[in-house]
Amino acid sequence: MLIEFSVGNYKSFRDVETFSMVATKIKAKDSEVDENNTFKIDDDLSLLKSAAIYGANASGKSNFAKALGFMKRFVVESSKETQTTDQITVEAYQLTSTETIEPNPSFFQIVFLLNNITYRYGFETTDKEIISEWLFFTPNVKETKLFERRDGEIVPSPKFKEGKSIVEKTRTNALFLSVVAQFNGAISQEIIRWFLNINIISGLDDSTMDFTSVCLHSRNLVNEISSFIKKLDLGIQDISVFDEKLTKDSLPIGMPERVKTAIIEESGGIRFKVMIALKKFNLDGKHAGTEFFDLQKNASEGTKKLFSLAGPLMDTLKKGKILFIDEFDARLHPLITREIIKLFNSNETNSKNAQIIFATHDTNLLTNKLFRRDQIWFVEKDKTGSTHLYSLAEYKVRNDASFENDYIQGRYGAVPFIGDLKPLFEVPNTVEETNA
């Protein structure tokens, strides 16, 4: 489970900003919201099952998702994908004028629960090398160091025996944790697997459609995915997935030949074709069977997005994973987004305590009937272009307040300040001077 994530000096984040899934001591207006939206770890810690992030366009919501995505990708791949001279694909904050010769490193830290033990892992990096790296855990009450990397020196503690012989094998542009995992370090491999359970997707594309197709084709989660799609009033009666031969002619016109060849080789010349069954009616309006249609060619953009989301959503709920969705509400009806969130905010449908975090503009979700105040987060840029992250729990707000109305009126910030657009369409007055 995710406890908190911090990022600094990355894209629009200049200062270190921290996002938390810790349930604070506040109480919701409805006690059922507290019971369903949180889960208890021990007497001192309870976590949230969901969190929403609001903010104006270009305020940093997508950059937050990219920060978490970069950390996951770098942890999983840095020991395998890089060579000694390769640059690290990190993008530091660039809107501060500085005369320092060496760039300041970007900061990433995550706190999480794994096998009932709390871990705190993080690193600082430039595009050339890892500046620092650390891993701590709390097996009982006191936090204990497993290893620390400072000033080019890596020092594993006696409790991190798996890392002792790996120090010399670690390149300056590779994470020590990743290298130890590659050499079969038990703790390190467990942490890598935890990172792999974080799924970060965008609501603006259908990049996870293949994942849903694979789940259906392999009969994995087929009942859950089919039931989810059928109950969303899309008119879909059944879904089938077939193997289809992939040829160069079936790929987009204009795609380079070498790209077509690479796609066919990687896929083995086979791709999935998803067919959806819709009701067929006679002239009297009576049901007269079903007709199958190609999902990609005939379904609406909203239907394709819901199909794309179905696999990750069901996989996350069934296996207790973590899902981050950027632009969650894009192409979806507000009632559908609400029902998806309810799946997570429920002891019945989310028995594994899966967590969903999403960035959205859908203010219909801003209600105390759906969220506690600590589940609502905002991102806002200051006058220097730096993104700041804060929770509604930081405001003194009554439990029966209208979160949506107050947000739209700007009481919590994180809204756009729009100038007067009327002058753009005004016709200039022309005065012709005449001689009397």
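Modeller: Happy to! Let's start at asparagine 116, which sits in the loop between strand S6 (106-114) and strand S7 (117-125). Helices (H or I, at least four residues) and strands (E, at least two) are DSSP runs, numbered from the N terminus. Asparagine 116 has a positive phi of about 65°, even though it is not a glycine. With a relative accessible area of 74%, asparagine 116 is exposed; the word stands for over 50%, while buried is under 20% and partly exposed lies in between, with a 1.4 Å probe and protein chains only.

Two reading notes before we move on. This is a predicted model, so local features need pLDDT of at least 70 and side-chain atom pairs count only at pLDDT 80 or more, whereas totals for chains, interfaces and linings use all residues. Residues are numbered from 1 along each chain as its sequence is written, and side-chain values use heavy atoms, with hydrogens and water left out.

Asparagine 353 also has a positive phi, of about 60°, and is not a glycine either. You will find asparagine 353 in the loop between H10 and strand S16 (355-359).

Now for the whole protein. There are 11 helices and 18 strands, and the C-alpha atoms fill a box of roughly 80 × 80 × 55 Å along the principal axes. Of the 436 residues, 49% count as buried. Take the contacts (heavy atoms within 4.5 Å) between residues at least 6 apart in sequence: 64% of them join residues at least 24 apart.

The largest nonpolar core has 56 residues, and Phe108, Ile110, Tyr121 and Phe195 touch the most other members. Such a core is a set of buried Ala, Val, Leu, Ile, Met, Phe, Trp, Tyr and Cys residues joined through side-chain atoms within 4.5 Å. Helix H2 (residues 61-81) gives the most to this core, contributing nine residues. A second, separate core holds 52 residues, including Leu317, Leu323, Tyr407 and Tyr412.

Helix H9 (residues 301-319) packs with helix H10 (residues 334-344) at an angle of about 15°, their axes 11 Å apart. Axes are lines fitted to C-alpha atoms, for helices over the stretch in contact, and angles run from 0 to 180 degrees between N-to-C directions. H9 and H10 are therefore roughly parallel to each other; that label covers angles under 35 degrees, with over 145 roughly antiparallel, 65 to 115 roughly perpendicular and the rest oblique. On the H9 side, Leu306, Leu313, Met314, Thr316 and Leu317 meet Ile336, Ile340, Leu343 and Phe344 of H10. By class, this contact of H9 with H10 has eight nonpolar residues, one polar and no charged. Ala, Val, Leu, Ile, Met, Phe, Trp, Tyr, Cys and Pro count as nonpolar, Asp, Glu, Lys and Arg as charged, and the others, Gly among them, as polar.

Helix H6 (residues 222-230) has its own meeting with H9: their axes come within 9 Å and cross at roughly 130°, so H6 and H9 are oblique to each other. Here Glu224, Ile225, Phe228 and Ile229 of H6 meet Leu306, Phe307, Ala310, Gly311, Leu313, Met314 and Lys318 of H9. The residues of this contact of H6 with H9 divide into eight nonpolar, one polar and two charged.

Helix H5 (residues 209-217) reaches H9 too, with axes within 7 Å and a crossing of roughly 65°. Met209, Phe211, Thr212, Ser213 and Leu216 of H5 meet Lys304, Phe307, Ser308, Ala310, Gly311, Pro312 and Asp315 of H9. That contact of H5 with H9 has six nonpolar, four polar and two charged residues.

Glutamate 153 lies in strand S10 (residues 153-156) and is exposed, at a relative accessible area of 52%. Phenylalanine 292, in strand S14 (residues 287-294), is partly exposed at 37% relative accessible area. Leaving out residues up to four places away in sequence, phenylalanine 292 touches Ser240, Met275, Ile276 and Ala277. Phenylalanine 292 and isoleucine 253 are 39 residues apart in sequence and 26 Å apart in space, C-alpha to C-alpha.
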